[in-house]
Amino acid sequence: MKHRGRHRRRRRGRALRATLAGTALALTAAATMISTSQATDADDPGALKPLTATADTAPLRLTEHAVPGAELDRLTASMGPAVGVGAVLADPDGALEDADDCSDDDRRALPVEPAVTTAYCWPQRDTDGWRAGAVTTSGDADEDGRWGAHRVILSGWTRGSGTPAEQGLARIAFVAADDDGTPRYTWALLAVPVDGGRDFRGLGSDVSGMVWYQDKLLVTAGRGEDGALYVYDLDRVQRATVDTGTVGRVPGGWSAAGARYVLPAVASYATAGADAPRPGGIALDRSTVPESLVVHEATAPDEEGPTRLWRYALGPRPGYGPLLRTEPVAVYETELTQVRGVLAHRSDWYVSRATGAPEERGTLWRQDTKGASPVRCGADETYRCWSGPATSLSYWQATGDVWSQSGRMLFALPLAAVDEALER
């Protein structure tokens, strides 16, 4: 453990030096945008309100739908043997760029306060037409923070342009974030088996929330999909054999809209009805017994709130694998609106929210059942200190870091630094 820790400190030091220039630029840009009119921001949302009435909790129950094993086996038989995470990492598509090599525009997406300690940007050539979404890591998958020999980050993206068939497609990048070099990544398309496992279609949804728990990946899905959460088996990664912009079976093999790998869903969870709240962002909380999945409600940008937060327990169930229990174990209400990311650790909930126009910065709050505190920055103590296009949050317990991404920036900072900024 000491050996591994020394490597982490050296990595952080290198990354911190590389991002100093970018952080200074972000501070300058933020100072330009902050005005007296912005300083008042939203009213204090106050304490979280526990919801215990059946009318509040029943709509959050989920129903599990497993893809029959015969269908998955049929797909594998047609596409070829499945591979695991290690094989995907060993076959990269490209490398992330250090923060000091990123453009000024990209670096302006970094938070002002607290300052990031690690940051990279995605190459423009590989992300044009795609918008960044959720992040999860091998820190969620396993307590020691590694998957086999590797530290891994999974980064979600959604297609925002292109042909009608391409728009809305979802993909993830497997990022090898080991201590000994520049992070390299490999793309995989998120898919759903159809026609009894004889074909697959792309998952059509913003990737607003992801959690990697043991060998499964949970991904949120919008109202255009039947399921509110889709489940992927990271030991069932399939290879695409034809490089075209289409998805599924094509003449000569299988295509994944340009990605060389495909993840077919193995299960999904449906909500209690068409009007039931749907997960917007999710995160793993290892501080509970059993471990739990925390969720914020997906809401439209113009909704006035309040917003629901809740959690599902994770753990073994008779006759099932060790995954999600479908009854919520705690439900709360926050007065915050436009919530885009959530974490929970012990009794604290950390909530990121978007504010105003896309070029404006977001805010980061900590709430519990006693009150709320925002991160503040600037001479006028504005709350608008967080990343602009606020996205999901993921806590890597083994290192104490919170990971997120905004625009083309992938970044991390210690949870302790967040708490320090909140307690000023």
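Is Trp187 buried or exposed? In this predicted model, Trp187 is buried, with a relative accessible area of 4% (buried means under 20% relative accessible area, exposed over 50%, partly exposed in between, with a 1.4 Å probe and protein chains only). The model being predicted, local features need pLDDT of at least 70 and side-chain atom pairs count only at pLDDT 80 or more, while totals for chains, interfaces and linings use all residues. Residues are numbered from 1 along each chain as its sequence is written, and side-chain values use heavy atoms, with hydrogens and water left out.

Eleven aromatic pairs are found in the whole structure (ring centres of Phe, Tyr and Trp, the last by its six-membered ring, within 6.5 Å; planes under 30 degrees apart are stacked, over 60 edge-to-face, the rest tilted). One of them joins Tyr185 and Trp187 edge-to-face, at 5.6 Å centre to centre and 65° between the planes. Tyr185 is buried at 0% relative accessible area. The charged end of Arg171 sits over the ring of Trp187, 3.5 Å from its centre (NZ of Lys or CZ of Arg within 6 Å of the ring centre and within 35 degrees of the ring normal).

An open sheet of five strands has antiparallel pairing and the order 4-5-28-27-26 (strands are DSSP E runs of at least two residues, helices H or I runs of at least four, numbered from the N terminus; two strands pair if DSSP finds at least two bridges between them). Its edge strands, strand 4 (97-98) and strand 26 (394-396), each pair on one side only. Six bridges connect strand 27 (residues 401-406) with strand 28 (residues 409-414), and Ser404 stands opposite Phe411. Helix 9 (residues 415-422) packs on the sheet, touching strands 26, 27 and 28 (contact: heavy atoms within 4.5 Å). The direction of helix 9 makes about 70° with that of strand 28 (axes are lines fitted to C-alpha atoms, for helices over the stretch in contact, with angles from 0 to 180 degrees between N-to-C directions).

The largest nonpolar core has 40 residues, and Phe411, Leu343 and Val418 are among those with the most contacts inside it (a core is a set of buried Ala, Val, Leu, Ile, Met, Phe, Trp, Tyr and Cys residues joined through side-chain atoms within 4.5 Å). Elements giving two or more residues to this core include strand 28 and helix 9. A second, separate core of 29 residues includes Ile172 and Met210.
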